[in-house]
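Hi,

Here is the model I promised to pass on.

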Amino acid sequence: MIALNTALRAVDLVAALKAAAEPTRLRILMLLSSSELSVKDLTVILGQSQPRISRHLKLLAEAGLIERFRDGSWAYFHVSERTEGGRLARSLVAAVDPRDTAIGRDRLRAETLKRERADAAQDFFRDHAKEWDRIRALYVAEGDVESAMLEALGSGPFKFFLDVGTGTGRILELFASRYSRALGLDVNQSMLAYARNKLSAAGLDAAQVRHGDLYALALQDSSVDAIVMHQVLHYLTEPAHAVREAARVLAPGGRLLIVDFAPHDVEALREAQAHTRLGIATGHVSEWFTGAGLTPVLHRDLHPANGHETQKLTVSLWLAEQPVRPVAVPRRERSDLERIP
């Protein structure tokens, strides 16, 4: 039995069910319920032509089951968690037997596609480890970005500071005076080796770097006071997942600072620097924050200086906090003496 936790009008519900009632479109819903994918991605995974896939996506979008957003010249699709149609799609997906052969094959191909992209990014990181700080500073003066980061995150002090996607460890250096203990995580061993040597030379004993998966942080819930994700999300296929995982380990009152490019159209960065996304939209970040239970606090754009042809991109900062939830105080029974008027 399918539990439909929706409040759609009857005519919209019928239209949505008709749109989903086709094998390929149901397979597409399964994929888009866990990933943001393009038409090209879906043609590779499903082995069907682009016109056919585009037609299926059009019908699903018109029925409100999926949403479309642009990323440069590309378009991505996903099943929203905030719309009635998206909730209906997730109810339908939940009713599908995950052991279904076609579904399992699609999932395997999708994972293979993600691994290939991740491997391409890691190859780029490995080849550019020593020049990584320069690459990050190509478009807006890094000094301006770092000053804005220090101001946004606040003076702390932070007992435990986490830098997700630490790269060369520069962010651990930047905030060194504001934490008692810090950890930088990265999946690239070349980057970690470089960062480890750099931090050691700087005498930053309170900071350590470790191999770690930002989709599955090896940290306890509510254990971190401040988290920074600096120029990380545009490399990810699942940034919302990374934000949710960061929120999981963030302590009440803790702060998450994301720094990344605003949306742009410099397509060359996909190949030249392994960017998966051409910038990050503020609307998406706000949705990721609220979906993870965080409270958005700040958004700031740092625009490139005029007159510099190489400075084409705007850098954005987004800050969110983990709400401090009141602790319920057990009701104390009054003694007999206290009951006497």
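Start with Pro 157, which sits in the loop that runs between helix H8 (142-153) and strand E4 (158-164). The peptide bond joining Gly 156 to Pro 157 is cis, with omega at about -5°. Bear in mind that this is a predicted model.

Next, two residues with positive phi. Ser 222 isn't a glycine, yet its phi is positive, at about 55°. You'll find Ser 222 in the loop between strand E6 (207-211) and strand E7 (224-230). Gln 231 is another non-glycine with a positive phi, in this case about 50°. The loop holding Gln 231 lies between E7 and helix H11 (239-249).

So are these two buried or exposed? Ser 222 is partly exposed, because its relative accessible area is 41%, which falls between the 20% and 50% cut-offs. Gln 231 has a relative accessible area of 5% and therefore counts as buried, the limit for that being under 20%.

On confidence: the average pLDDT for the chain is 82, and 79% of the residues reach at least 70. Two stretches to keep an eye on are these. Over residues 307-311 the pLDDT stays under 50, and the model gives that stretch seven contacts beyond four places in sequence. Residues 335-341 also have a pLDDT below 50, with four contacts in the model beyond near neighbours in sequence.

Cheers

Definitions and conventions: Residues numbered from 1 in each chain as written. Predicted model: local features only at pLDDT ≥ 70, side-chain atom pairs only at ≥ 80, totals over all residues. Heavy atoms only, no water. Helix = DSSP H or I, 4+ residues; strand = E, 2+ residues; numbered from the N terminus. Buried < 20%, exposed > 50% of the residue type's maximum accessible area, 1.4 Å probe, protein only. pLDDT = per-residue confidence, 0-100. Contact = heavy atoms within 4.5 Å.
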